[in-house]
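Dear colleague,

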Amino acid sequence: MDPVSILFGGLASGMVLFIVSVGLSVTMGLMGFVNLAHGGFAMLGGYVIVLAMKHWGFAFLPALALAFLAVALFSVVLERLLYARLYRATELDQVLFTIGLVFVMTAVVTLGIGPETQVIDLPEWLRGQTDLGFFSYRTYSLVLIAVGTALMIGLWLGFERTRFGARIRAAVDNRRMAQSLGVDVGRLFAVTFAIGSGLAAVGGGLGAEILGLDPNYPLRYLVYFLIVVSVGGLGRVAGVFAAALLIGVLDFVLKFYFPKGGTIFIYVLTLVLLLWRPGGLFGRRGA
Amino acid sequence: MSSGTQLAQRHRFRWWELLPWAAGIAAFFVFPNYLSFATQVLITILFALSLDLVLGYAGIVTLGHAAFFGAGAYTVGMLAMHLGWNEPISGLLAAALVAASIGLVSGIVLLRTHGLTLLMLTLCTMTLLEQAANMGAAWTGGFDGMPGLSFSKILGLFGFDTLYFRSQYLYALVTLLLCFAVVRMLVYSSFGQSLTGVRENLLRMHAVGAPVRTRQVLVYTVSAALAGVAGALFTQANGYVNLAVLGLERSAGVMIVLILGGHGRLYGAFVGAIVYMVLEHALAKAYPTAWQLGLGLTLVAVALFARKGVIGLVDSVRRRLPGAAR
């Protein structure tokens, strides 16, 4: 493989990491809730897409939309019923609760659908190669890069240019102050949580090609999602985007050139970065 | 009552504290065919006890405690494999030393942070060791680990018993007792009190001038050493070591054991390890998915309703009984 292909491959998997992790970053930034179950929503999204396409006759794009809606709805129900009870709890309780949730999701999917890896059949127009003029590359990876970039721009505009985004930024920076100015942080959080989980669901479906899809998905990629979020900085969309691309490309390059244990550098890098800037590359200092 | 006499009274030995050890000795005679399993339970108790020091008493939430268990396990394995250092007791000490050094260095570096960052850093440190063990196949055996290790007789008297695990069991029991004595002494000392202070109110401990960071690093190091001993026991008792001693599953597993039993309690590790491992032994092999589902639901329920674990539940039931005076 030539360097450009490797770069594009890395960018494509970085985009998947971004789509899955961005919601986690914002919700953790808002409430400081350590949500280890976020990858579970990505997995559920992937399974909704598989079921919708195989059994209910959905096409790929409607299935994606369905996954977004179904998982967003499901997550907000969980949030109101269970998560909300633990906002003031200790980190330890949050960790336990969300690990428990991951186990439940994994077990339910294994029981209901089976332990085997699922394949999402891509539609004809997403397969094959596309000629970009200077070189040609897998269409699907190019689409992923385009979708990820578009999403990044959309989210950034939403954050920086809308009232809703301004409220989120205010609440991330100082929750009490925002509350005393009349921002309903609870509702804000519920909505963000739903959107974030919905995006994770889309990411789980879009990324199934690269990350695979089976009941152990949430635990296997947990460390990666957390690395992206903590390196990017909590509640920082642009930070998560940069971190996801960095990790995605690095992972791809290392796995290609050092297939045996090259990923160790990612952990070293994360360690050093977090020690240098505990709040993440793009977070506030000392946060 | 002054805090001094209170401390002295807490420290006083109570008769029922002999019960677990009596039960441990009784188990040796009552379940001769289950000593292999019972040895694993003892090792898990020791590992959970070491986590209790940092998590339960000092309030440091870590997802990387298996790093120290693994360090101890691999130390003993590599010494035996490459240097022919088969003597078990000095092996335990070497494992404790290596794990403590890793705990000291990583503690000095990591404990400056808190919250999510600390969680991530502990997780990364552990994954780093796991990857290193995977990569350094020439020394660690890589993915396959080191099977078929053998160790010389304990004190030159008792050979390891691959079939019935009799000597392993007693060896683990004595080691656990010694380590437990250290932990008990620590948590009832003024040092242990100051750790609880750090857990309950970090800012106030800073304000009263307590050397918070030093104490956190110290307890982290001691805990790492104990976890290293647990890992070393694992390798010696089983005669093998592989990558499963490191990794998120073992870290999360021991945390679950401790929480189920009750953290910040001396005997939480005992209750948690026995309950968890007996249930796992009975259910996990036959119904792995149902086991995972049950475990998940239990964790959710514990986090929401029973934050003090089994011992906490027993306590609250006792408190509700009429006329219950302690």
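I begin with a pair of helices in chain A. Along α3(A), the residues L64(A), A67(A), F68(A), L69(A), V71(A), A72(A), S75(A), V76(A), E79(A) and R80(A) meet a set in α8(A) made up of A190(A), F193(A), A194(A), I195(A), S197(A), G198(A), A201(A), V202(A) and G205(A). Sorted by class, this contact of α3(A) with α8(A) comprises 13 nonpolar, four polar and two charged residues. Please bear in mind throughout that the model is predicted.

As to geometry, two packed helices are described by the angle between their axes and the distance between the axes. Helix α3 of chain A spans residues 60–81 and helix α8 of chain A spans residues 185–211; their axes come within 7 Å and cross at roughly 140 degrees. Since angles over 145 degrees would count as roughly antiparallel, α3(A) and α8(A) are therefore oblique to each other. The crossing of these two helices, α3(A) and α8(A), is right-handed.

Helix α4 of chain B (residues 66–83) packs against helix α5 of chain B (residues 88–110) at an angle of about 140 degrees, and the axes are 8 Å apart. That angle makes α4(B) oblique to α5(B), and α4(B) passes α5(B) in a right-handed crossing.

V245(B) is located in the loop between α11 (212–238) and α12 (248–261) of chain B, and L246(B) is found in the loop between α11 and α12 of chain B. V245(B) counts as buried because 26 C-beta neighbours lie inside 10 Å. L246(B) is buried as well, with 29 other C-beta atoms within 10 Å.

Which residues does V245(B) touch, leaving out those up to four places away in sequence? They are A66(B), F69(B), G70(B), A73(B), G231(B), F234(B) and R250(B). V245(B) and T235(B), ten residues apart in sequence, have their C-alpha atoms 9.3 Å apart in space. L246(B), with residues up to four places away in sequence again not counted, touches A66(B), A67(B), G70(B), M126(B), L129(B), E130(B) and A133(B). Although L246(B) and A67(B) are 179 residues apart along the chain, their C-alpha atoms are separated by 5.9 Å.

Turning to the contact between the chains, chain A contributes 36 residues and chain B contributes 32 residues. On the side of chain A that touches chain B, α4 (91–112), α9 (217–232) and α11 (264–276) of chain A each supply at least two residues. Of the elements on that side, α4(A) gives the most, with 16 residues. By class, the side of chain A that touches chain B has 25 nonpolar, seven polar and four charged residues.

Finally, the largest nonpolar core has 197 residues, of which V228(A), L46(B), A99(B) and V229(B) touch the most other members. Apart from its neighbours within four places in sequence, V228(A) is in contact with L17(A), S21(A), V240(A), A243(A), A244(A) and I247(A).

Yours sincerely

Note on methods: Residues numbered from 1 in each chain as written. Chains lettered and ligands numbered in written order. Predicted model: local features only at pLDDT ≥ 70, side-chain atom pairs only at ≥ 80, totals over all residues. Contact = placed C-beta atoms within 7 Å. Helix = DSSP H or I, 4+ residues; strand = E, 2+ residues; numbered from the N terminus. Nonpolar A, V, L, I, M, F, W, Y, C, P; charged D, E, K, R; others polar. Buried ≥ 20, exposed ≤ 12 C-beta atoms within 10 Å, placed from the backbone. Core = buried A, V, L, I, M, F, W, Y, C linked by C-beta atoms within 7 Å. Axes fitted to C-alpha atoms, helices over the stretch in contact; angles between N-to-C directions. Parallel < 35°, antiparallel > 145°, perpendicular 65-115°, else oblique. Left-handed = near helix turned anticlockwise from the far one by under 90°.
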